[in-house]
Amino acid sequence: LVSDPPKYRFVHKQVKKLLEEYCPSVTAKSIDEFVLDFTNFKHQGLNLKSIFLEIKREIKNQIGDYLTVSVGLAPSSYLAKVASNLKKPDGLEEINFQNFLEVYSKLNLTDLTGINIKTATRLNMVGIYNVLDLYYADTHRLNQAFRSILAVYWHKRLRGYDAGLWDSTKIKSI
């Protein structure tokens, strides 16, 4: 199809407006990606899965049933992005304290945003072959592979911190 940037911006603004009805802290990360921060917000006693199921329904009702939305729930925006990629399109997945090791055990290194084949090869060279290996690796081993601050960032990301990403000042953990 021919690209239509004005249409994309129009739908982006509609989605953002709808999301802001549910959460006061909505940040657009791209034309098709938003982060909702519910850290200091109680939404009438509902759980977040219920809220997002309602949001997904309202997007279909108000904007169009052609629009699929994959949602990731997690203690950080990075892990929420990982969770949103677990079931595409139109999924709703959560990474939390109870399931993070189970989720990590099913992922390949390249399933993580930010790790491509070249990075995975560097990790393999220091004995890290999967996401659980990456999670359990200490920063010394990670530094052998990354040789930069990325060693610390990856150590923190898999533990629920948004280290080295959009907002590294918020400390959360799983």
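# Close-up views of a predicted model

**View 1. Lys 56, Lys 60 and Asp 90 are joined in a network of salt bridges.** This is a predicted model, in which local features need pLDDT of at least 70, side-chain atom pairs count only at pLDDT 80 or more, and totals for chains, interfaces and linings use all residues. Residues are numbered from 1 along each chain as its sequence is written, and side-chain values use heavy atoms, with hydrogens and water left out. A salt bridge here is a side-chain nitrogen of Lys or Arg within 4 Å of a carboxyl oxygen of Asp or Glu. Between Lys 60 and Asp 90, the closest N and O atoms are 3.9 Å apart. Lys 60 belongs to helix H2 and Asp 90 to the loop between H3 and strand E4 (92-94), so this pair ties together parts 30 residues apart in sequence. Helices (H or I, at least four residues) and strands (E, at least two) are DSSP runs, numbered from the N terminus. Lys 60 has a relative accessible area of 28% and is partly exposed; Asp 90, with 30%, is partly exposed. For these classes, buried means under 20% relative accessible area, exposed over 50%, and partly exposed in between (1.4 Å probe, protein chains only).

View 2. Lys 56 is buried, its relative accessible area being 11%. The side chain of Lys 56 makes a polar contact of 3.0 Å with the side chain of Asp 90. A polar contact is a pair of N or O atoms within 3.5 Å; within protein, one must be able to donate a hydrogen and the other to accept it, and residues adjacent in sequence count only if both atoms are side-chain atoms. A polar atom of the Lys 56 side chain also lies 2.4 Å from the backbone oxygen of Val 69. Leaving aside residues up to four places away in sequence, Lys 56 touches Val 69, Val 71, Asp 90 and Gly 91, where contact means heavy atoms within 4.5 Å.

**View 3. Helix H1 (residues 5-20) and its buried residues.** The 16 residues of H1 should span 22 Å at 1.5 Å a residue, and the end C-alpha atoms are 22 Å apart, which agrees. The expected span is 1.5 Å times one less than the number of residues. Val 11, His 12, Val 15, Leu 18 and Leu 19 are buried in H1. Seen down the helix axis, the buried residues of H1 fall within an arc of 130°, so they line one face; the arc is that of the directions from the axis to the C-beta atoms. These buried residues pack against strand E1 (26-30), strand E2 (33-36) and helix H2 (48-62). Phe 10, Lys 13 and Lys 17, on the other side of H1, are exposed.

**View 4. Two further salt bridges, Lys 16 with Glu 20 and Lys 81 with Glu 33.** The whole structure holds 7 salt bridges. Lys 16 and Glu 20 meet at 3.9 Å, N to O. These two residues are 4 residues apart in helix H1, which separates them by about one helical turn. Lys 16, at 27% relative accessibility, is partly exposed, and Glu 20, at 41%, is partly exposed. The side chains of Lys 81 and Glu 33 meet at 3.1 Å, N to O. This pair links distant parts of the chain, with Lys 81 in helix H3 (residues 77-84) and Glu 33 in strand E2, 48 residues apart. Lys 81 is partly exposed at 22%, whereas Glu 33 is buried at 18%.

**View 5. Aromatic pairs, of which the structure holds 7.** The ring centres of Tyr 78 and Trp 154 are 5.5 Å apart and the planes are at 90°, so the pair is edge-to-face. Tyr 78 is in helix H3 and Trp 154 in helix H8 (residues 150-157), 76 residues apart. Tyr 78 is buried at 4% relative accessible area, and Trp 154 is buried at 1%. Phe 100 and Tyr 135 have ring centres 5.4 Å apart and planes at 65°, so this pair is edge-to-face. Rings of Phe, Tyr and Trp (its six-membered ring) pair if their centres lie within 6.5 Å; planes under 30 degrees apart count as stacked, over 60 as edge-to-face and the rest as tilted. Ring pairs link Phe 97, Phe 100, Tyr 104, Tyr 135 and Tyr 136 into a cluster.
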